Amino acid sequence: MSPKKLNLKDKYKLLTRDLDWEFSYEDRKEAFPYEEFEGIKITDWDKWEDPFRLTMESYWKYQAEKEKKLYAIYDAFAQNNGQTNVTDARYVNAIKLFLTGVSPGEHAAHLGFAFTGRQMGGIGARVAAQMQSIDELRHIQTQIHAMSHYNKFFDGFDEFNHMHDRLWYLSVPKSFFEDARTAGPFEFMIAIGFSFEYVLTNLLFVPFMSGAAYNGDMATVTFGFSAQSDEARHMTLGLEIIKFILEQHEDNLPIVQKWLDKWLWRGYRLLTLVAMMMDYMLPQKVMSWQEAWELYFEDAGGSLFKDLERYGIKMPDYTETIKQEKEHLSHQAWWIFYQYTHAAAFHTWTPTAEEMDWLSEKYPDTFDKYYRPRWELAAEMEAKGERFYTTGLPQLCQTCQIPMAFTEMSDPTQVSYRESIYNDERFHFCSDPCKSIFDNEPEKYVHAWLPVHQILQGNCGGGGLDKVMEYYHLDDGVANLEFEGSPDAERWKEWKGVA
C-alpha cells in the first residue's frame, strides 16, 4: 500500500511545527532569554498562524524560478547597453542614493530577522522570521547585481559598502536599523516587520520602482518586481505579529502602542530620502511626495489602523505632525543636500523652471511662498559662478541624525529646535517626536554615533576637510561636486552626441 500523500496543511505542520521539541535538561527561559526581556507576555505560541504555510522545499523552488528570470533580464539589459536608455544622467543619482542608503538596510534586516528567528519561542514565528532573513539577503544581492552594470559607466557605485559606515547622511538609515536590531525580538518585529514592511513599504518601493520605470531603468524595475512577492509575505507576517501579540495578553497593548508611535516616526524620518528623490531627483516624475503619502499612508494606512481599533490600538501620536510636514519635507531635505553636495556620493542641482512649475502645481500652498525664491536665488548664484556651498558642519538631531534644518510648521521660516538634559548633558532634536523618543530611552540614544561629532573629534580621517573627504573616499574633487561638467554628465553627452 503506497503511503498516503500529505495535504499542504499536514505537510507544512510536519516540516515546521513538528520540528520543535520539549526541553528536558535545559530551562526553556534560558534557551530563549529575550522572550520576556521586553515585558511582552505570550500565553500560547500555538495560536500563531502563518497564512502562507510555506515550507523550505517550496521556498527554494519558488525563489530559484524567480532568479532565473531575473538574471536573464539583467543580462539582456547589460548586452543592450541599457544605461543609455535612461531619460537623463541625473536619474542615476537616484539609484546611487538607493544603493548607498537603502540596500545596506536589507542586509541589516537580514541580520535582524536571523536574530529574531533564533530568539522567539514559537516554532511558527521562528520559521517565518528565518525565511524573511533569507529574503532580505537575497534582496541586497539582487540589488547590487542590478546596479553593478551602472558601476562600469558612472561614478559613486563601487564604494557603497565603505561609505555605509562613514558617510555623514548614511548614518540616518544606519542608525534606524541599528536602533531596531539593538531592541528585543518583539520590538524588532514591530519596527521592521510591521511599521516598516507593512505600513511604510509602499512609500519606499513603489516610488523607486515606478520612478525607474518612468525613467527607462528596466534593471531596477525588474529587481523591484522580483522582490514584490517577498514583500507581500513580509507585510502579512508584519500584520500577523501585531495581531498575535495583542491577542495573547491585555498587558501587551500599551507596549505595542508605544512601539508603533516610535517606529512610525523613525520610519517616516528615514523616508525623507525618498521624499526628495521623488520631487527633485527624477527627470520624469511619477507623483509628488505629498500625493504618495496621502495615497499610501493616509488612505491605506488609515484603513489599517481602523481595523486595529478593535484591539485598542489608536493611530500613532505623530501622524498629525507628519500631515503638516508633507508639504515641506522634500524641499527642506533637498536644500540640505544641495548645500553639502561636496560631501555626498551623488550630485545635486537647482530645479529647472519647468520642474519648479511642477512643484508649484503639486505644492500650491507652500512652494511658491517658501521655496521658489530660494531656488531662483541659488540658480542665479550658480550662473554667476558663485554656486552656494555650506562650509561649516551642521548640528544633528540626536535621534534621527538628520541635520537640523526642518522648520516649525506654525512658522516655516523658523528652524525647529528641541532639547533635553540627561546626566547633566544637553542633547538636541529636530522635532517633538524625536525628543519624545529620546526621553523614553535616553540611556540608548546617548550612545548615538553622530558624524559631525566624530569629525570634530578627529575620528574621520583627522583634521581638515580634505582628510575627511579622503576618509569618505570622496577625495577626487570632481565626481561629487556639480552635476554639470562632472564625468557622469560628460559621458552621457558623449553617448547622446550632445556637444
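Is Cys-430 buried or exposed?

## A cysteine in a predicted model

In this predicted model, Cys-430 has a relative accessibility of 1%, and because that value is under 20%, Cys-430 counts as buried.

## Cysteines and disulfides

The structure holds 0 disulfides. Cys-430 is accordingly in no disulfide, and the cysteine sulfur nearest to its own, at 3.7 Å, belongs to Cys-400. A pair of sulfur atoms has to lie within 2.5 Å to be taken as a disulfide.

Cys-460 is also buried, with a relative accessible area of 0%. The closest cysteine sulfur to that of Cys-460 is again in Cys-400, but it is 18 Å away, which is too far for a bond.

## The nonpolar cores

The largest nonpolar core has 139 residues, and among these Trp-289 and Trp-375 touch the most other members. Helix α9, which covers residues 185-214, gives the most to this core, contributing 16 residues.

When residues up to four places away in sequence are not counted, Trp-375 touches Tyr-280, His-331, Trp-334, Trp-335, Tyr-338, Trp-349, Thr-350, Pro-351, Met-356 and Phe-367.

## An annotated domain

An unreviewed UniProt entry places the feature "domain: YHS" at residues 411-449. In the model, this span is 33% helix and 38% strand, and the C-alpha atoms at the ends of residues 411-449 lie 31 Å apart.

How values were computed: Residues numbered from 1 in each chain as written. Predicted model: local features only at pLDDT ≥ 70, side-chain atom pairs only at ≥ 80, totals over all residues. Heavy atoms only, no water. Core = buried A, V, L, I, M, F, W, Y, C linked by side-chain atoms within 4.5 Å. Buried < 20%, exposed > 50% of the residue type's maximum accessible area, 1.4 Å probe, protein only. Helix = DSSP H or I, 4+ residues; strand = E, 2+ residues; numbered from the N terminus. Contact = heavy atoms within 4.5 Å. UniProt positions renumbered as here; feature names shortened; annotations may be inferred.
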